[in-house]
Amino acid sequence: MKIVMPERDTLTRGDVDTSPFEEFGDVVVVDHTDLDAIKSELQDADALIVNKLNVTADLLQGAEKLRYIGECATGFNNIDIDYCREHGIVVTNAPAYSTDAVAQHVFALLLEYYSKVHDYNNYVQHGDWIRSPIFSGFVYDARELSGKTFGVVGYGRIGKKVGRIADAFGMKVLAYSRTQCEGLQEGENRSENGVKFVPFTSLLEESDIVSIHCPLNPQSDGLFSDETFASMKEGAFLINTARGPIVDEQALANALQSGKLCGAALDVLETEPMSEDCPLLGVPNCIITPHVAWAPLETRQRLVDICVDNLAAFVRGEPKNVVTA
């Protein structure tokens, strides 16, 4: 079995062992930026293991032996699923591997803005506390989370985890999901375990903080636009750890620069790595991390374990976590 693996370096820096993939055949590691080399290696490959590589019909053209693609992520919008179905290629993903890590990162971003820990550490390290005339150098505008309204857009595993943590902070939790909120009209809501499900527009209008946890699909692509930001509560804060294209970056930059939003924190962007002309670069009150919410050591090890198990199940003829069914 020939297994093409163009993105091994996105899974490990040597701290996570990817050698278990080799138990199933010859693993060919290719530079993920060299699409010609990848396409060439796929011509006689049986399996492809990817993370964020854009797996198009063109890339797969001529890969007659290819029967399996293992997506090392939960989202699989980077793969042409229709092409794979038509050509009998089984595609699997890795659900639920990053729930704890992403939820943790959401609140790291939120606390960075609300508690100003990084700013205060810089204040101390630069000697400003030494020069302070009083014992407490409260020079930054910090706020409490307790009592705020926290809106969760997308209420899958991660959204639920984030909602529980928000509740533990003493926040009022609102949620919107297409399944849970189907049929709800403006002014209506449905409650479950302390979470109030409301229409999308109601969540925008009432939430002090909005955290995005829905998948990228035709319905969510560009969901947060100029119109969406105009509907949000004045001075709200936006968090996106889902997928970059859900947020129109120029619209977000406009909302931040106008003061409509007090701030935003993103772990994902429309183009990754970040483009030089990204409209959010240098925008005040916009915290950006380089798509690392999923990247703690334990999380990446769990991801590799799931992906190896997916491949083993496929080899046994019992595929699981299949997204092409």
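A pocket, as the word is used here, is an open set of grid points where a 1.4 Å probe fits, with protein on both sides within 12 Å along at least five of seven lines. The structure is a predicted model, and its largest pocket has a volume of about 1,100 Å³. This pocket is lined by 45 residues, and those closest to its centre are Thr74, His213, Cys214, Pro215 and Leu216. By class, the lining of the largest pocket is made up of 22 nonpolar, 18 polar and five charged residues. Two helices, helix 4 (99-115) and helix 6 (157-168), each supply at least two residues of that lining. Helix 6 gives the largest share, three residues.

The second largest pocket holds about 930 Å³ of space. Its lining has 27 residues, with Lys52, Thr271, Glu272, Pro273 and His291 nearest the centre. The lining of the second largest pocket comprises 10 nonpolar, 11 polar and six charged residues.

In soluble globular proteins, nonpolar side chains tend to be buried together. The largest nonpolar core in this model has 30 residues, and the members that touch the most others are Phe224, Phe229, Leu238, Leu252, Leu261 and Leu280. Two or more residues of this core come from each of helix 7 (200-206), strand 10 (209-212), strand 11 (236-240), helix 9 (249-258) and strand 12 (261-266). Helix 9 provides the largest share of this core, with five residues.

Residues up to four places away in sequence aside, Phe229 touches Phe224, Leu238, Val247, Asp248, Ala251, Leu252, Ala255, Lys260 and Leu261.

One of these contacts, Lys260, is found in the loop between helix 9 and strand 12. Is Lys260 buried or exposed? Its relative accessible area is 16%, and buried means under 20%, so Lys260 counts as buried. What does the side chain of Lys260 lie close to in polar terms? A polar atom of that side chain is 2.7 Å from the backbone oxygen of Met232. Beyond its neighbours within four places in sequence, Lys260 is in contact with Phe229, Ala230, Met232, Lys233, Glu234, Gly235, Ala236 and Ala255.

Key:
Residues are numbered from 1 along each chain as its sequence is written. This is a predicted model: local features need pLDDT of at least 70, side-chain atom pairs count only at pLDDT 80 or more; totals for chains, interfaces and linings use all residues. Side-chain values use heavy atoms; hydrogens and water are left out. On a 1 Å grid over the protein atoms alone, a cavity is a set of points where a 1.4 Å probe fits but cannot get out, and a pocket is an open set with protein on both sides within 12 Å along at least five of seven lines; lining residues have an atom within 4 Å of a point. Grid points are joined across faces, edges and corners, and a volume is the space filled by probe spheres set on the points. Helices (H or I, at least four residues) and strands (E, at least two) are DSSP runs, numbered from the N terminus. Ala, Val, Leu, Ile, Met, Phe, Trp, Tyr, Cys and Pro count as nonpolar, Asp, Glu, Lys and Arg as charged, and the others, Gly among them, as polar. A nonpolar core is a set of buried Ala, Val, Leu, Ile, Met, Phe, Trp, Tyr and Cys residues joined through side-chain atoms within 4.5 Å. Buried means under 20% relative accessible area, exposed over 50%, partly exposed in between (1.4 Å probe, protein chains only). Contact means heavy atoms within 4.5 Å. A polar contact is a pair of N or O atoms within 3.5 Å; within protein, one must be able to donate a hydrogen and the other to accept it, and residues adjacent in sequence count only if both atoms are side-chain atoms.
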